[in-house]
Amino acid sequence: MSIYDYLIYFWQKNEYDQCSLSEIALYFCLLHESNRQHWASPFKASTQMLMARLGTSKPNIMKARESLMRRGLISYVKGDGKGKPALYTFLLSSEEDDGQPQELTQPLTQMITPVMTQQVTQVLPPALPLPNIKEEDSRNAVRKEKSSTPSPSQANKELTLDELQGKLLADTEWMNGLSKRLTAVGFNLSGDNLKGKINEFFDDLRSRKITHKEENDCRNYVFNWIKYHNKNNNYGQERKCESKAGPTQISDNRPEDYKGAC
């Protein structure tokens with residue numbers, strides 16, 4: 001089954017019953033995540049990660065995925081909110097078609113003419129080329145042999161918050177990149193100040209009873225968390241509060257300086 005099957009089936013559905021912008025964005029975000037996980041079925045995608053990537057709220061994510069499921073485009077199993085994200089599966093038929101949702105098992109590519117395939121390719125913008133999964137798998141294998149860098153499956157493994165906090169704070173290259181991204185959007189954070197914000201991020205997760213997260217999901221979420229929680233702060237500037245009556249000065253600082261009855 002190729003990516004063309006997903007694209008063609010989606011736009012066929014959309015032609016008869018148009019999806020909202022939120023539904024379209026969620027579908028293609030899930031398509032990207034499935035490809036990133038090498039087309040595992042089902043594949044994991046946490047709601048927090050989807051919120052961060054799409055810049056939207058949890059109710060919008062939940063409403064959009066319910067609509068995609070009713071249309072027969074996806075199925076999903078809810079996560080438990082305790083480090084176990086939701087599981088998603090792409091479909092190529094719906095209950096409206098045959099009464100039973102079916103997983104991607106039919107060889108739809110055999111039904112697609114070369115002309116239709118060429119038309120779909122021309123619609124896709126040059127800036128977003130279709131991923132070559134085989135080549136990506138080959139590059140990952142070479143990198144694994146040459147270094148001890150964790151494989152994609154290891155990077156997606158759920159770790160405890162203590163493990164993730166230690167890894168992120170020790171990753172100097174990632175910290176420098178995060179500082180540059182924050183500076184670009186108006187938050188000048190680096191060094192101990194940035195480490196302090198990362199520690200606050202993990203404290204917030206613990207306060208919400210979260211004990212485990214995926215490493216990639218966590219790294220992506222830190223940037224959005226800091227930006228959201230500090231958008232009204234002015235770093236490096238002192239906030240001065242002056243009353244209308246002006247500053248009060250006290251000159252008497254010895255007991256014998258005070259006069260009058262006690």
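Leu169 is partly exposed, with a relative accessible area of 25%. In this predicted model, the residue sits in helix H9, which covers residues 161–170. Which residues does Leu169 touch once its neighbours within four places in sequence are left aside? The answer is Lys195, Ile198 and Asn199. Take Lys195 as an example: 26 residues separate it from Leu169 in sequence, yet the two C-alpha atoms are 6.7 Å apart in space.

With that contact in mind, let us step back to the whole chain. The protein has 12 helices and five strands. Of its 262 residues, 33% are buried. Among contacts between residues at least 6 apart in sequence, 63% join residues that are at least 24 apart.

Is His38 buried, partly exposed or exposed? It counts as partly exposed, because its relative accessibility is 35%, which falls between the 20% and 50% cut-offs.

Lys209 also has a positive phi without being a glycine, with a value near 65°. You will find Lys209 in the loop between helix H11 (191–207) and E5. Lys209 is exposed, because its relative accessible area is 66% and the cut-off for that class is over 50%.

Even so, H12 bends by about 25° at Tyr221. Tyr221 is also one of the buried residues of this helix, a set that includes Glu215, Asp217, Cys218 and Arg219 as well as Val222, Phe223, Trp225 and Ile226.

Rolling a probe the size of a water molecule over the atoms shows where empty space is left. How many cavities of 30 Å³ or more does a search of the whole structure find? It finds one. The volume of the largest cavity is about 70 Å³. Helix H2 (21–36), strand E1 (43–45), H3 and H12 each give two or more residues to its lining. Among the lining residues are Glu33, Arg36, Lys44, Ala45, Met49, Arg53, Asn216 and Asp217. By class, the lining of this cavity has six charged, three nonpolar and two polar residues.

Our last stop is the second largest pocket, which holds about 500 Å³ of space. It is lined by 23 residues, and those closest to its centre are Ser46, Thr47, Gln48, Gly81 and Lys82. Helix H3 (47–54), helix H4 (58–70) and strand E5 (212–214) each supply at least two residues of the pocket lining. That lining has 11 charged, seven polar and five nonpolar residues. Ser46, one of the residues closest to the pocket centre, also lines the largest cavity.

Methods
Residues are numbered from 1 along each chain as its sequence is written. This is a predicted model: local features need pLDDT of at least 70, side-chain atom pairs count only at pLDDT 80 or more; totals for chains, interfaces and linings use all residues. Side-chain values use heavy atoms; hydrogens and water are left out. The bend at a residue is the angle between axes fitted to the seven residues ending there and the seven starting there. Helices (H or I, at least four residues) and strands (E, at least two) are DSSP runs, numbered from the N terminus. Buried means under 20% relative accessible area, exposed over 50%, partly exposed in between (1.4 Å probe, protein chains only). On a 1 Å grid over the protein atoms alone, a cavity is a set of points where a 1.4 Å probe fits but cannot get out, and a pocket is an open set with protein on both sides within 12 Å along at least five of seven lines; lining residues have an atom within 4 Å of a point. Grid points are joined across faces, edges and corners, and a volume is the space filled by probe spheres set on the points. Ala, Val, Leu, Ile, Met, Phe, Trp, Tyr, Cys and Pro count as nonpolar, Asp, Glu, Lys and Arg as charged, and the others, Gly among them, as polar. Contact means heavy atoms within 4.5 Å.
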